[in-house]
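Subject: Structure for your review

Dear colleague,

Please find the structure below, followed by an account of what was found in it.

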Amino acid sequence: MYVTQKLASEAVAAVLDGRNLTDVLARQRSREALEPRQRAAIQDISYGTLRRWGEIEFMLGQLLSRPDTDPALRALLATGLYQLGWGRAAPHAIVDHAVKVASRIQAGRGKGLVNAVLRNFLRRKDELLAAARQDERARWNHPGWWVAAMREAYPEHWQAVLAANDQHPPMSLRVNLRQGTREAYLAELEAEGLAAAADGAAGLRLAQPVPIERLPRFQDGACSVQDIGAQWAAPLLDVADGMRVLDACCAPGGKTGHLLELADCTLTALDADAERLRRVASNLERLGLAAELKVGDAGQPAGWWDGQPFDRILADVPCSAAGVARRHPDIKWLRRPDDFAQFATQQAAILAALWGCLKPGGKLLYVTCSVFPQENQQQVADFLSRHADARRLPLPDHLPDDGQLLPNDRHDGFFYALLYKTPT
C-alpha cells in the first residue's frame with residue numbers, strides 16, 4: 001500500500017498544481033515498474049480523490065489549523081481521507097502507510113501532522129461528512145461556477161447531471177459486426193463469466209468494469225471499448241460504400257473505427273496531434289481496418305485537404321469535455337469559466353472551415369462531449385445564422401430532439417447536431 005499511496009498522492013498533487021491526470025499517470029507507468037494491481041489501485045485512489053475533492057477539500061479545511069500546508073502533504077492527506085471515507089482498506093493500515101509516506105516529505109516533519117489529521121478524521125467522520133453536505137461546493141463536488149451553470153442550463157436536471165459526474169462510469173463495448181454478431185459475442189462474454197446487457201445497435205454494457213485483457217478476442221478486433229452515447233455518432237452519418245468521409249479531430253479513433261465497420265468508405269482521419277494519431281493507427285490495425293491518416297489543423301484545410309469535397313464529415317471538435325468529467329475528474333478542477341470563450345472561438349473556426357470541405361447534399365455531424373450550451377446549442381445556432389446553405393436535420397427518436405445527451409447510468413454526456421448542406 002505504501003507505493004500506491006505515495007504515487008496516488010503525487011498524482012493528485014500534480015493535478016492540483018494544474019497538470020492533466022491522464023498524462024501524470026501515464027508518466028508514472030512509464031517510469032515505475034508497477035504490477036497491474038498497483039496501477040489499478042493508484043488509479044482508483046487518484047480518480048476517487050478528485051471525484052470527491054469538494055468534500056475532501058472542505059474536510060481538510062476543518063481538520064488543518066493552517067491553510068499553507070505543504071502541497072505534497074496536503075495531497076497525501078487528501079488521498080488518505082478518500083481511502084478512509086470511501087475505500088475498503090483497513091483504517092489502521094491506511095494511516096500507518098500514510099505516515100510512512102510522510103516520512104519522505106519535508107524530511108519527515110509532517111509525520112505527526114498526517115497521523116493526527118487522519119486519526120482525527122476517523123473520530124469525527126460522521127460529523128464532518130454531515131457538515132460537508134451543507135456546503136454547496138462540497139455537496140456537489142464541483143466548483144461553484146459549474147454548479148451555477150448547470151442550474152441555469154438544466155433547471156429540472158442539474159442535480160442529476162452533477163451527481164452523475166461523481167459516480168463511476170459504466171463500461172460499454174461496441175461489437176465489431178464485421179467479425180460476428182452481438183449475440184455471439186455476448187455468449188463469449190458469458191462463457192468468461194462476464195455479464196452484459198445489449199444496448200443500441202452494436203453495444204453491450206458490462207455489469208462490472210474489467211481490464212481489457214479479460215475481453216474475449218479484444219486484441220483481434222472483436223470489440224472496442226466505447227461509451228454507448230459515443231456509439232450513436234457514426235450511424236447518424238448513414239455512411240455507405242464508396243463515400244468520401246472525413247473524421248476530423250479523430251483521436252483516439254473510436255468513432256473512426258466505427259465508421260469503417262459500417263461501410264467500405266474512403267476515410268480520411270485527421271488530427272492535429274501526431275502522437276494521438278499513432279493511437280488511431282494502432283486501433284485501426286487491431287480492428288483490421290484502414291484509413292488515410294493525416295496530421296493537420298481541422299480549422300486550416302489548406303494544410304491537408306486535396307480540394308475534393310467529402311460526402312460526410314464527422315466534426316468531433318475540441319471542447320471542455322464536461323460530459324465525460326466522471327472519466328476525467330481532474331477536468332472539474334482544472335477548467336476555468338473563461339476557457340469557454342477560447343473553445344467557442346476554436347469550435348466556430350473548425351465548423352466554418354469544414355463546411356467548405358463538404359459536398360452540396362452532404363452531411364456534417366457536429367459533436368462535443370460537453371453539457372455547456374455555449375459549446376453546443378449556441379454554437380450551432382450561431383453557425384446556422386451565418387450559413388444560408390445549412391439546415392439542421394432531425395435526430396432519430398432514440399436521441400433527444402435538441403441533441404443534448406446528459407450523463408446518466410447508461411451513457412456519458414454528448415451533443416449531436418446533424419447538418420445538411422443544401423445544393424445551390
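The largest cavity has a volume of about 30 Å³. A cavity is, on a 1 Å grid over the protein atoms alone, a set of points where a 1.4 Å probe fits but cannot get out; a volume is the space filled by probe spheres set on the points, which are joined across faces, edges and corners. The search of the whole structure found one cavity of 30 Å³ or more. The model is a predicted one, in which local features need pLDDT of at least 70 and side-chain atom pairs count only at pLDDT 80 or more, while totals for chains, interfaces and linings use all residues. Residues are numbered from 1 along each chain as its sequence is written, and side-chain values use heavy atoms, with hydrogens and water left out.

Lining residues (those with an atom within 4 Å of a point) of this cavity are Leu25, Gln28, Arg29, Leu34, Arg39, Ile42 and Gln43.

In α2, the residues Leu21, Val24, Leu25 and Gln28 are buried, that is, under 20% relative accessible area with a 1.4 Å probe and protein chains only. These buried residues line one face of the helix, because they fall within an arc of 95° when seen down the axis of α2; the arc is that of the directions from the helix axis to the C-beta atoms. They pack against α1 (2–16), α3 and α15 (330–334).

α3 (36–51) also contributes to the second largest pocket, as does α5 (71–86), each with at least two lining residues. A pocket is an open set of points with protein on both sides within 12 Å along at least five of seven lines. The second largest pocket holds about 480 Å³ of space, and α3 gives the most to its lining, with six residues. Of the 19 lining residues, Asp44, Tyr82, Trp86, Gly87 and Arg88 lie nearest the centre of the pocket.

Finally, Asp412 sits in the loop between β11 (404–405) and β12 (414–421). Asp412 is buried, with a relative accessible area of 2%. Its side chain makes a polar contact (a pair of N or O atoms within 3.5 Å, one able to donate a hydrogen and the other to accept it; residues adjacent in sequence count only if both atoms are side-chain atoms) with the side chain of Arg326, at 3.0 Å.

Yours sincerely

Key: Helix = DSSP H or I, 4+ residues; strand = E, 2+ residues; numbered from the N terminus. Buried < 20%, exposed > 50% of the residue type's maximum accessible area, 1.4 Å probe, protein only. Contact = heavy atoms within 4.5 Å.
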